[in-house]
Amino acid sequence: MNLSLLLAPLTIPLSWVYDAVTTVRNLLFDRGVLPSERFPLPVIGVGNLAVGGTGKTPHVEHILHLLHEQGLRPAMLSRGYGRTTRGFRAVEEGETGATCGDEPFQVSRNCPFAHVAVCEDRREGIRRLLARWQDTDVVVLDDAFQHRYVRPGLQILLTDAARPFTKDHVMPWGRLRESRRGAKRADVIVVTKCRDGQTPSVPLAPGQHLFFSRIVYAPLRPFLVESSENVETKGKRVLLISGIANPRPLAEHLRRTGAKKVEHLDFPDHHRFTSQDAARMARAGKEAELIVTTEKDAVRLNAVAQELPSDILQKIYVQPITVSMAPAEGEAQTFQQIIQDYVTANQRNR
């Protein structure tokens, strides 16, 4: 019998309690008892109802690139989950994934045109960010759907096509951080990680827009050095090393592209690799012809790279990903146009 079914009698009552607490909290924000602060420039929130695995980082990067293409200077503010520091921190030269968090570090590298900072207090973070970088045109908040002390002017909600919020439950029975009713706060809902032609049905409130995104796998790049040489997985024994919430799509991609065999070292989300982990990688990597890891994991692999044999290091390749957006049937506006219209209507005069 499914373990979740066995545990349901225990988790369902706890889920009701958690749902009641988050519902009251949201009601206090809705009624103005708890304050939500607005800022004098466009603020775009990107988040989800479920814990992890919806692809926030590539979607944040996609939005930053769209803003950059419009001639704007965007900034991204994140909590910096898993970092060893606290408070406001600008992600600049000298920072590591440990000091600022894996996702902000990755975003700063993939979007060098954007200002990137981390802060647990989003209100304080925006104030410090704007004081430090006065040329900022728009702020993108990463993983901020439940951080209601800041009120974004455009709220984007992500949900995984494999487990949309409409078919999930509040923790601990399910994976939702709050009731699915919270989706009504979103201006745009994006169903992520869709397979070709997959368009799950999502009920919309008046004025909401629906989009479907799919993962686009870029060519593998070496972990050690930059190279323009294309490396293929076809016919090879591949070792996948991952410490992310949902590595299944990447494992399926490797098999779909012709890997002879895919062995998987699956670590917990945001796992900090240790010397023991490096030893496991070295043992598992002996028989592999190619070792593949994610961009987030590559940030954390740097900490143990010196403990890996050179022949293992030379086999490691990083899988970059981007996203491609498609509007729901009958949707007149594109994702890019919605963002552009919002920013244009809310630009501040410097």
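In the close-ups below, two residues touch, or are in contact, when they have heavy atoms within 4.5 Å. Keep in mind that this is a predicted model.

**View 1. Ile-339 and what it touches.** Leaving out residues up to four places away in sequence, Ile-339 touches Ile-44, Ile-63, Leu-66, Leu-67, Gln-70 and Leu-154. Ile-339 is also one of the residues that touch the most other members of the largest nonpolar core, along with Ile-44, Ile-63, Leu-64, Leu-67, Ile-156 and Phe-335. That core has 32 residues.

**View 2. Helix α2 meets helix α10.** Here α2 (residues 56-69) packs with α10 (residues 335-346), the axes 10 Å apart and the angle about 60°. The two helices are therefore oblique to each other. The crossing, as α2 passes α10, is right-handed. On the α2 side, His-62, Ile-63, Leu-66, Leu-67 and Glu-69 make the contact, and α10 answers with Phe-335, Gln-336, Ile-339 and Val-343. Sort these contact residues by class and you get six nonpolar, two polar and one charged.

**View 3. Helix α2 again, now with α4.** The axes of α2 and α4 come within 10 Å and cross at roughly 35°. This crossing is right-handed. Look for Thr-57, Glu-61, Leu-64 and His-65 on α2, and for Glu-103, Gln-106, Val-107 and Asn-110 on α4.

**View 4. Helix α4 under cover.** How many of the nine residues of α4 are buried? Seven of them are, so this helix is mostly covered. The buried ones are Asp-102, Glu-103, Pro-104, Phe-105, Gln-106, Val-107 and Ser-108. They pack against α2, β2 (74-78), α3 (97-100), β4 and α8 (295-301).

**View 5. Helix α6 and its surroundings.** Zoom in on α6 (residues 248-256) and you'll find Pro-249, Leu-250, Ala-251, His-253 and Leu-254 buried. Among the elements covering these buried residues are the strands β8 (209-217), β10 (237-242), β11 (261-266), β12 (290-294) and β13 (316-319). After α6 comes Gly-258, with a positive phi near 100°.

**View 6. Leu-210 in strand β8.** Leu-210 has its place in β8. Is Leu-210 buried or exposed? Leu-210 has a relative accessible area of 6%, so it counts as buried. Setting aside residues up to four places away in sequence, Leu-210 touches Ile-189, Val-191, Val-202, Leu-204, Pro-327, Ala-328 and Glu-331. If you also pick out His-147, 63 residues from Leu-210 along the chain, the two C-alpha atoms are 22 Å apart.

**View 7. Tyr-18 on helix α1.** Tyr-18 belongs to α1 (residues 3-30). With a relative accessible area of 32%, Tyr-18 is partly exposed. Which residues does Tyr-18 contact, leaving aside its neighbours within four places in sequence? They are Val-170, Met-171, Leu-176 and Arg-177. Arg-195 is 177 residues from Tyr-18 in sequence, and C-alpha to C-alpha the two are 33 Å apart in space.

View 8. The peptide bond joining Met-171 and Pro-172 is cis, with omega about 0°. To find Pro-172, go to the loop between β6 and β7. Met-171 is also one of the residues in contact with Tyr-18.

**View 9. Positive phi without glycine.** Asp-143 is not a glycine, yet its phi is positive, about 55°. Asp-143 sits in the loop between β5 and β6. His-270 isn't a glycine either, and it has a positive phi of about 65°. Look for His-270 in the loop between β11 and α7 (275-285). The relative accessible area of His-270 is 17%, so His-270 is buried.

Conventions
Residues numbered from 1 in each chain as written. Predicted model: local features only at pLDDT ≥ 70, side-chain atom pairs only at ≥ 80, totals over all residues. Heavy atoms only, no water. Axes fitted to C-alpha atoms, helices over the stretch in contact; angles between N-to-C directions. Helix = DSSP H or I, 4+ residues; strand = E, 2+ residues; numbered from the N terminus. Parallel < 35°, antiparallel > 145°, perpendicular 65-115°, else oblique. Left-handed = near helix turned anticlockwise from the far one by under 90°. Nonpolar A, V, L, I, M, F, W, Y, C, P; charged D, E, K, R; others polar. Core = buried A, V, L, I, M, F, W, Y, C linked by side-chain atoms within 4.5 Å. Buried < 20%, exposed > 50% of the residue type's maximum accessible area, 1.4 Å probe, protein only.
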